[in-house]
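Subject: Structure handover

Hi,

Here is the structure I promised to pass on. Please open it before reading the rest.

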Amino acid sequence: MKIIIVGGGIAGLSTFLHLRKHFPHDSGHDITVYESHRPRSKTSSSSSQYHPNQSVDLDALAESTAIVGGGLGIAPNGMRVLRDLDLDLHDRVIAQGFPAEKFIFKGANGWTLGTQSTSDKAVRAETEAEEVCVASSRHGLWQTLRLYVVEKYGGDVIKHRRVLKVRPNYTRNPQPLQVQLLDEQGTEKVEFADLVIGADGVKSVVQESLFGYDERYKPVYSGQSGVGGFHSTTIPSIVADSKAMVFEFGGNGFFGYSSGGPISEKQLMWWSTFETSSLLDIRDVDPRDIKYALIERHKHWKDPIVQDTIINADVESIYPTWIMPELPNWGEKGVVLVGDAAHALDPTTGQGASQALEDSQTLALLLAEVFDIERHGSVHTKWAINQAIEMYYKIRSPRVKKIVERGKKLARSKASVGIVKEYFMYLFLWMLMKFPTFGKTMIGDTNQELYCWSAKEHIREALRTSQYFAEPWPGVSEVSPRLT
């Protein structure tokens, strides 16, 4: 089986690693990652993805998964996927990041509204290792995954090619899919594949191969962009001593900060939002305008850390927030989507990276199961791939849909509101933190839902109810060892 992964970002690299875990080199399966751009971003302010005084095209920032500035949080469920993938890789991700054991919520008026543990210990079995949220630069997580891929499988598995189109193959080549691409010299070439995995973000070329140019399934710019950067400074005690990420809410916006890596690196990671709905052209946004708007928005906020950051830090990263319509499927006929290509999540969910990791784990496990000759006998490649894609969507889409809906509610807290709504928001957040039962009544047991989801459990159930895979061959264990 020949597999092409389009997109060399977090979703694409994670998918490659999961597939190689279950389809090693000697299995005869060929797996290659194609990425359109060479990475050009680092975490430090001295080497941001563009010069602080240079205008940027917000639309273009969605075209490559290799533009990897800014920060993120890997939730406990995402860290557990990494642990299952490889303990060494899991530990490397922690080492380059900042394990945040709690979230601290504050108001723009200086009030501390409450704290929340990020640990999954309370909802996991006593025998299971504890996971917490790991704050990381996007570049740090991506670089850790990429270095691990290169160390273990060699650099030639990642090729810098721009995929132009994926379409059915009507030539005599036995692979059913034809991938049209450009190499770095601009020469057009054609590759063939049995399976094409679109990990190429919200402006996915692979998604176009599934739905064409149907406007119903195109991402729509929300009018807001996430902005942020890394401020070279001593990490404040509220972060370092409390091992925390800080989230602040006000009547006119939102601001957050944490360490972007080990405390010793003195890189304060910060993030906020910038409303661009009034801009005439999102292709020409000046970061200086964004910084001025941030200063104006937050100049009356009481937290001195916020004040120091907006005055002294550059806007290094801009992330347009796209609203992704719900897709009728995530793949068919040998083409499948993972990560943002399937479901762009609002940053307020804190689940973007973690859901991409869950996607890659689920898809790889399903493919490994349907191609397990010892359990199910020999299968036709095209048929088996499509069975895996169908089960993948049925397993993953309900999970993601719930998180999307929760994200829409949380996103409203970033919008500008009047003084009465602002203080009502403070009261609501305080009650959520102070009275856990109230929180569970209002929004459900989100930690249980987020942190205890298991791809392996859902795959076992999908196989059990499958018309084709419910009964393994005689003499084979009822449950696959890879699903235990």
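My notes follow, from the whole chain down to single residues.

**Overall**

Keep in mind that this is a predicted model. The protein chain has 484 residues, and 54% of them count as buried. Its secondary structure comes to 15 helices and 19 strands.

**Helix H15**

H15 covers residues 455-464. Its buried residues are Ala455, Lys456, Ile459, Ala462 and Leu463. Looking down the axis of H15, these buried residues fall within an arc of 125°, so they line one face of the helix. Note that a lysine, Lys456, is on the buried list.

**Ser354**

Ser354 sits in helix H9, which runs over residues 352-370. Its relative accessibility is 0%, and buried means under 20%, so Ser354 counts as buried. What does Ser354 contact, leaving aside its neighbours within four places in sequence? The partners are Ile74, Ala75, Asn77 and Gly78.

**Aromatic pairs**

The structure holds 18 aromatic pairs. One of them joins Phe211 and Tyr217. The ring centres of Phe211 and Tyr217 are 5.1 Å apart, with 50° between the planes, and the pair is tilted. Both Phe211 and Tyr217 are buried.

Tyr423 and Tyr426 make another pair. Their ring centres lie 5.1 Å apart and their planes meet at 70°. Planes over 60 degrees apart count as edge-to-face, so this pair is edge-to-face. Tyr423 and Tyr426 both belong to helix H12, 3 residues apart, or about one turn of the helix. Are they buried or exposed? Tyr426 is buried, with a relative accessible area of 1%. Tyr423 is at 34% relative accessibility and counts as partly exposed.

Ring pairs also build a cluster. They link Phe103, Phe105, Phe247, Phe249, Phe254 and Trp271.

**Surface patch**

Helix H12, where Tyr423 has its place, spans residues 419-434.

Best wishes

Conventions: Residues are numbered from 1 along each chain as its sequence is written. This is a predicted model: local features need pLDDT of at least 70, side-chain atom pairs count only at pLDDT 80 or more; totals for chains, interfaces and linings use all residues. Side-chain values use heavy atoms; hydrogens and water are left out. Buried means under 20% relative accessible area, exposed over 50%, partly exposed in between (1.4 Å probe, protein chains only). Helices (H or I, at least four residues) and strands (E, at least two) are DSSP runs, numbered from the N terminus. The arc is that of the directions from the helix axis to the C-beta atoms. Contact means heavy atoms within 4.5 Å. Rings of Phe, Tyr and Trp (its six-membered ring) pair if their centres lie within 6.5 Å; planes under 30 degrees apart count as stacked, over 60 as edge-to-face and the rest as tilted.
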